[in-house]
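Subject: Structure handover

Hi,

Here's the structure I promised to pass on. Have a look at it first, and my notes follow below.

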Amino acid sequence: MSMRLPYAFVGDEAFGLAPNMLRPYAGKYLSKYKRVFNYRLSRARRYIECTFGILSNKWRIFHRSIDVGIEFATDIVKCCCVLHNFVRERDGYHFEDTLTVNGLNATNTIHENININRSSNVYRDALSKYFLSDTGQVPWQDEKI
(Lines give C-alpha, C1' and ligand atoms only; values in the text may rest on other atoms or scores of the structure.)
Protein backbone atom coordinates (compact mmCIF):
# COMPACT_ATOMS: atom_id res chain seq x y z
CA MET A 1 0.00 0.00 0.00
CA SER A 2 1.31 3.46 -0.87
CA MET A 3 0.86 6.51 1.28
CA ARG A 4 1.38 10.08 0.17
CA LEU A 5 2.69 12.39 2.84
CA PRO A 6 1.87 16.10 2.69
CA TYR A 7 4.47 18.82 2.55
CA ALA A 8 5.75 19.76 5.98
CA PHE A 9 7.75 22.45 7.69
CA VAL A 10 11.15 21.33 8.94
CA GLY A 11 12.11 22.55 12.39
CA ASP A 12 14.47 21.87 15.25
CA GLU A 13 13.91 21.09 18.92
CA ALA A 14 12.61 24.61 19.59
CA PHE A 15 9.40 23.84 17.70
CA GLY A 16 6.54 21.90 19.22
CA LEU A 17 4.94 18.91 17.55
CA ALA A 18 2.12 20.02 15.31
CA PRO A 19 0.47 18.84 12.10
CA ASN A 20 2.73 19.55 9.13
CA MET A 21 5.72 20.33 11.41
CA LEU A 22 8.58 17.85 11.47
CA ARG A 23 11.06 18.07 14.31
CA PRO A 24 13.66 15.60 15.62
CA TYR A 25 12.95 12.88 18.14
CA ALA A 26 14.05 13.88 21.64
CA GLY A 27 16.32 11.84 23.88
CA LYS A 28 19.76 10.24 23.95
CA TYR A 29 19.12 6.52 23.62
CA LEU A 30 17.16 6.39 20.38
CA SER A 31 16.52 3.46 18.06
CA LYS A 32 18.29 3.33 14.73
CA TYR A 33 15.08 4.46 13.00
CA LYS A 34 14.94 7.58 15.13
CA ARG A 35 18.68 8.37 14.86
CA VAL A 36 18.54 8.09 11.05
CA PHE A 37 15.41 10.27 10.96
CA ASN A 38 17.08 12.92 13.15
CA TYR A 39 20.16 12.92 10.92
CA ARG A 40 18.18 13.17 7.68
CA LEU A 41 15.96 15.92 9.11
CA SER A 42 19.01 17.84 10.31
CA ARG A 43 20.58 17.51 6.88
CA ALA A 44 17.41 18.83 5.21
CA ARG A 45 17.32 21.76 7.64
CA ARG A 46 20.96 22.63 6.90
CA TYR A 47 20.27 22.65 3.14
CA ILE A 48 17.27 24.92 3.66
CA GLU A 49 19.26 27.31 5.87
CA CYS A 50 22.15 27.45 3.39
CA THR A 51 19.77 28.09 0.50
CA PHE A 52 18.09 30.91 2.38
CA GLY A 53 21.51 32.32 3.29
CA ILE A 54 22.48 32.41 -0.40
CA LEU A 55 19.23 34.14 -1.34
CA SER A 56 19.40 36.66 1.50
CA ASN A 57 23.02 37.54 0.68
CA LYS A 58 22.03 38.37 -2.89
CA TRP A 59 18.58 39.89 -2.33
CA ARG A 60 18.29 42.43 0.47
CA ILE A 61 14.52 42.06 0.74
CA PHE A 62 15.19 38.98 2.91
CA HIS A 63 17.11 41.06 5.50
CA ARG A 64 13.87 42.14 7.13
CA SER A 65 10.27 41.01 7.50
CA ILE A 66 8.34 40.95 4.27
CA ASP A 67 5.26 42.94 5.22
CA VAL A 68 2.91 41.89 2.42
CA GLY A 69 0.18 39.33 1.92
CA ILE A 70 1.02 35.63 1.67
CA GLU A 71 0.37 35.41 -2.06
CA PHE A 72 2.57 38.42 -2.83
CA ALA A 73 5.31 37.13 -0.49
CA THR A 74 5.21 33.82 -2.38
CA ASP A 75 5.61 35.74 -5.66
CA ILE A 76 8.57 37.66 -4.22
CA VAL A 77 10.34 34.46 -3.18
CA LYS A 78 9.68 32.83 -6.57
CA CYS A 79 10.91 35.95 -8.36
CA CYS A 80 14.14 35.98 -6.33
CA CYS A 81 14.71 32.29 -7.14
CA VAL A 82 14.18 32.90 -10.87
CA LEU A 83 16.46 35.95 -10.81
CA HIS A 84 19.09 33.99 -8.88
CA ASN A 85 19.06 31.24 -11.52
CA PHE A 86 19.20 33.86 -14.30
CA VAL A 87 22.25 35.51 -12.73
CA ARG A 88 23.98 32.13 -12.26
CA GLU A 89 23.37 31.21 -15.89
CA ARG A 90 24.54 34.63 -17.07
CA ASP A 91 27.72 34.28 -15.01
CA GLY A 92 28.52 30.90 -16.56
CA TYR A 93 27.32 28.41 -13.97
CA HIS A 94 25.97 25.18 -15.43
CA PHE A 95 22.41 25.09 -14.16
CA GLU A 96 21.98 21.40 -15.05
CA ASP A 97 24.78 20.46 -12.63
CA THR A 98 22.88 21.91 -9.67
CA LEU A 99 19.65 19.95 -10.10
CA THR A 100 20.85 16.62 -8.71
CA VAL A 101 21.29 15.77 -5.05
CA ASN A 102 22.72 12.35 -4.28
CA GLY A 103 20.31 10.27 -2.24
CA LEU A 104 17.25 12.31 -3.14
CA ASN A 105 14.58 10.32 -4.92
CA ALA A 106 12.07 12.08 -7.14
CA THR A 107 9.08 10.70 -5.27
CA ASN A 108 7.05 11.61 -2.28
CA THR A 109 5.23 8.29 -2.04
CA ILE A 110 6.11 6.08 0.90
CA HIS A 111 5.19 2.41 0.85
CA GLU A 112 3.92 1.65 4.30
CA ASN A 113 1.00 -0.23 5.83
CA ILE A 114 -0.22 2.34 8.34
CA ASN A 115 -3.36 4.42 8.60
CA ILE A 116 -2.32 8.04 8.11
CA ASN A 117 -3.99 10.82 10.07
CA ARG A 118 -3.11 14.45 10.81
CA SER A 119 -0.72 13.65 13.66
CA SER A 120 2.87 14.72 13.05
CA ASN A 121 3.99 11.70 15.07
CA VAL A 122 2.54 9.46 12.36
CA TYR A 123 4.34 11.44 9.64
CA ARG A 124 7.58 11.28 11.54
CA ASP A 125 7.24 7.55 12.21
CA ALA A 126 6.40 6.86 8.56
CA LEU A 127 9.46 8.80 7.39
CA SER A 128 11.63 7.02 9.98
CA LYS A 129 10.64 3.66 8.54
CA TYR A 130 11.00 4.91 4.96
CA PHE A 131 14.56 6.13 5.57
CA LEU A 132 15.58 2.56 6.48
CA SER A 133 13.58 0.84 3.72
CA ASP A 134 15.11 -0.38 0.46
CA THR A 135 13.69 2.56 -1.48
CA GLY A 136 14.33 5.30 1.08
CA GLN A 137 17.78 4.65 2.47
CA VAL A 138 20.97 6.20 1.18
CA PRO A 139 24.32 4.41 1.42
CA TRP A 140 26.05 6.99 3.61
CA GLN A 141 23.38 7.51 6.30
CA ASP A 142 24.58 4.73 8.64
CA GLU A 143 28.07 6.25 8.77
CA LYS A 144 26.63 9.58 9.94
CA ILE A 145 24.54 8.51 12.91
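To start with a quick one: which residue's side chain meets that of arginine 90 in a salt bridge? It's aspartate 91, with N and O 3.1 Å apart. A salt bridge here is a side-chain nitrogen of Lys or Arg within 4 Å of a carboxyl oxygen of Asp or Glu. Arginine 90 is exposed, at 57% relative accessible area, while aspartate 91 is partly exposed at 47%. (Buried is under 20% relative accessible area, exposed is over 50%, and partly exposed is in between, using a 1.4 Å probe and protein chains only.)

Some housekeeping before the rest. This is a predicted model, so local features need a pLDDT of at least 70 and side-chain atom pairs count only at pLDDT 80 or more, whereas totals for chains, interfaces and linings use all residues. Residues are numbered from 1 along each chain as its sequence is written, and side-chain values use heavy atoms, with hydrogens and water left out.

On confidence: pLDDT (the predictor's confidence in each residue, from 0 to 100) averages 80 over the protein chain, and 79% of the residues score at least 70. Watch residues 101–118, where pLDDT stays under 50. The model has 42 contacts beyond four places in sequence for that stretch, a contact being heavy atoms within 4.5 Å.

Back to the salt bridges, of which the count comes to three. Aspartate 142 pairs with lysine 32 at 3.5 Å, N to O. Aspartate 142 sits in helix 4 (residues 141–144) and lysine 32 in helix 1, so this pair ties together parts that are 110 residues apart in sequence. Helices are DSSP runs of H or I, at least four residues long, numbered from the N terminus. Both partners are partly exposed: aspartate 142 at 38% and lysine 32 at 37%. Then there's glutamate 49 with arginine 45, whose closest N and O atoms are 3.7 Å apart. Those two lie in helix 1, four residues apart, about one turn of the helix.

Next, the core. The largest nonpolar core has 12 residues, including Leu5, Leu22, Val36, Phe37, Tyr123 and Phe131. (That term covers buried Ala, Val, Leu, Ile, Met, Phe, Trp, Tyr and Cys residues joined through side-chain atoms within 4.5 Å.) Helix 1 (32–58) and helix 3 are the elements that give two or more residues to this core, and helix 3 gives the most, with five. One of the core residues, Phe131, touches Val36, Phe37, Arg40, Gly136, Gln137 and Gln141, leaving out residues up to four places away in sequence.

Arginine 124 is buried yet has no salt bridge; the nearest side chain of opposite charge, aspartate 125, is 5.2 Å away. (Lys and Arg count as positive, Asp and Glu as negative; His and the chain ends are not counted.) Beyond four places in sequence, arginine 124 touches Leu17, Leu22, Arg23, Pro24, Tyr25 and Phe37.

Serine 128 is also in helix 3, and is buried at 3% relative accessible area. The serine 128 side chain reaches the backbone oxygen of arginine 124 at 2.9 Å. Leaving aside neighbours within four places in sequence, serine 128 is in contact with Tyr25, Tyr33 and Phe37.

Cheers

Technical notes:
Polar contact = N/O pair within 3.5 Å; in protein donor to acceptor, adjacent residues only side chain to side chain.
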